[in-house]
Amino acid sequence: MSDMPSHRDQDLSVPDVDPVETPFKRRLALAVALIALFGSVLGYAANLAGTREDEAAREAQRNATLAMSQQSAAAAEYYDHLGGFAAVAAFKQRQDIADARADLLSISGESANADHWKQAYGRLADLAPKLQNETSFQNSARVEAAKSIVKPTLARLHQQASHQVAADWGDKASAYIGGITLLAISLALLGLSATITPRIRPLFCWPAAGITLVTLFGFMVVVLKPVPHISESAMKAVAEGDRLTALGEHQKAMVAYTRAIRDTNKYAAAYQRRAAARALSETPDSLYVISVISPKARKENIADLDRAMQYGDKTLLDLVNQGANYFHLADYSKSEELTRQALSLNGDLPIPRLNLALAMSAQGRKKEAEKEFRRAIAIFEKRSPLERRELYASARTVLETLLLQQPGRLDSVRSFQGLLVESEAAALLPGTRIPAGSASVPQLGLSFDGPEIDVSMTYKDIPQNALVSKIFYFRRNPDSAWIQRHDLRTFERFNLKEDGSAQWDGLIELRCPSAGDYRVDLYVNDRRLATAQTTRQSKSGNLRAYADPFGGFTLCQPVTWKSSTNIAGRLSLESPDRAQRLTVQAVPLALPVEEGEKLSEAAIAKVGNRFQAEAIRTDRLASAVIGGASGALEKYEMKKGRTAFVWASIQSDGMLRTLVGEYRAGLDDQLIVDLLRRIKFSPRRAA
């Protein structure tokens, strides 16, 4: 019989064990070592990126502090120069006053006073050398204000660039840390693969290898992706563009921004500012809302803002402007998409809410659009009066643009315009709403008297206290959309008999009149009862407004004419070919004057001395009203076909007002008359 093993022998038997040295384990150990090494590289890269992020963040903070300090210093320097200029100009004005009092009023001692003020002016003229070098009091202030923003702007641009660098290094550090996390998962999978049978090991090894390769690829992408660098010259070009924008020189500003883009192609701020300057160059008079830009400019702005949002953040302003651009190019769904993104950032702003209503209206969703219009109107009423006026005008203008794009939307456009008109009128003239009933306006007339706009109408059944609104539109040519001028609209509670005729005279444009088509729509409540249009011609070309608060006068000057004066209360204009000249001056005589006619003639004699020697013929008008002031006018026919004139007025407010002009006889008569009719003198308030 054979021997059986004992129980002790069974307990001591050795089980089968895998060999310590196998090809799999050697490969596994190598993979773990390489992954660990790769992880250490990622750790070093993350630490380096974090250090760079901290450095850039500190630099951004330093530049932010520098920008604030430079802004304060620039403001202090600007107001110091402005104060110096005001002090120096006061001496020159006192000299002029003393001269006028001596010559016209024969007050003893005023000639000596004039000499003293002249000496004081000469001695103190260096108090404001920068302002003294400018040719216009208003321009000097604007130029210095624009210069004062350059250094603070440059510091802010440095701060923004450093902030972007910090953000990019932070993104890199986060990516590296994410890679370390993925490698930890790979190591865990490889560790588990060593504890299971060979048959299922691939289920752990292959995912670990895949994760490692993905991490390696991502690491290479992050390493090779450069951190954007904005050159110093590009930032200086943007700061220069901002200075030019502050001066209203938008075309030159666009050139500066383009120079920045050529220097640093991925400079988001330069693209954003160039788009803004392009828009302002076509709508220079708007302060809050830009609604009228050519299709070509819209397309260029879309390209610029796309790049700005690609290379930088999608800001609220970029989204709002881009949504408006797509609306005006009739891509209404894209406009709505971008506008909704803007509203998701801030739903309480008026322009994106208005843009959403307009986009819905353009797509035929009238009920939704009306709801959004009412929400926009509620926001309008919370804004300042000037902004509110521009918002309402912009809304009515863009509805006119929609009508030009889609004539089939006439009913909804007129309905929404009526809603906007009545809402604005009711806010300004609150009270009980009086139904319009059967009110009608069979005839509506629109005409001009120089700078003034006159409206006449015959009407029937307009009830007492009903809201009557006159909304004026303008367009330069028949092919363009109508623009509702925010300075041209009137609202009133009707207080005439129910049937009859009415005349409104003397409406003045706050901006200088332009040549083109004008239209007036007359509303009772939200119903448009009549419309009339006419064409205005202008011999003066494009004009811009000028206001002198010290002299108390306003006028419209041709944009191509040079203005030269550095004393408040005086403005000299000259055409580019020097064929026409006009000088306006207002000097306070510091006491009421009763003998205005006599003193006006004395002023003409003094001012017109230089024309008398060359005059072939002299004509005198005892009374000529210019700018609301009555004065004497003397006209001189000169040699070589030229004409000159001197006008002087002294009213009971004690202001001596003079106009001196030269022009080519026969050729420039209408031009000079056109300019003179647009001068407005304001009475001086009693002290």
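Which residues in α11 meet which in α12? Select Arg-298, Asn-301, Ile-302, Leu-305, Asp-306, Ala-308 and Met-309 in α11, then Asp-318, Leu-319, Asn-321, Gln-322, Ala-324, Asn-325, Tyr-326 and His-328 in α12; contact means heavy atoms within 4.5 Å. By class, that's seven nonpolar, five polar and three charged residues.

A quick word on the model: it is predicted, so local features need pLDDT of at least 70 and side-chain atom pairs pLDDT 80 or more, while totals for chains, interfaces and linings use all residues. Residues are numbered from 1 along each chain as its sequence is written, and side-chain values use heavy atoms, leaving out hydrogens and water.

Now show the whole of α11 (residues 295–311) and α12 (residues 316–328): they pack at about 150°, with axes 10 Å apart. That makes the two roughly antiparallel (angles over 145 degrees).

Next, jump to α6 (residues 150–193) and α8 (residues 232–246), whose axes come within 9 Å and cross at roughly 135°. These helices are therefore oblique to each other. For the contact, pick residues including Leu-154, Leu-157 and His-158 of α6 and Met-235, Val-238 and Asp-242 of α8.

Last stop: Leu-343, in helix α13 (residues 332–345). Is Leu-343 buried or exposed? Leu-343 is buried, because its relative accessible area is 12% (buried means under 20%, exposed over 50%, partly exposed in between, with a 1.4 Å probe and protein chains only). Not counting residues up to four places away in sequence, Leu-343 touches Pro-352, Arg-353 and Leu-356.

Technical notes. Helix = DSSP H or I, 4+ residues; strand = E, 2+ residues; numbered from the N terminus. Axes fitted to C-alpha atoms, helices over the stretch in contact; angles between N-to-C directions. Parallel < 35°, antiparallel > 145°, perpendicular 65-115°, else oblique. Nonpolar A, V, L, I, M, F, W, Y, C, P; charged D, E, K, R; others polar.
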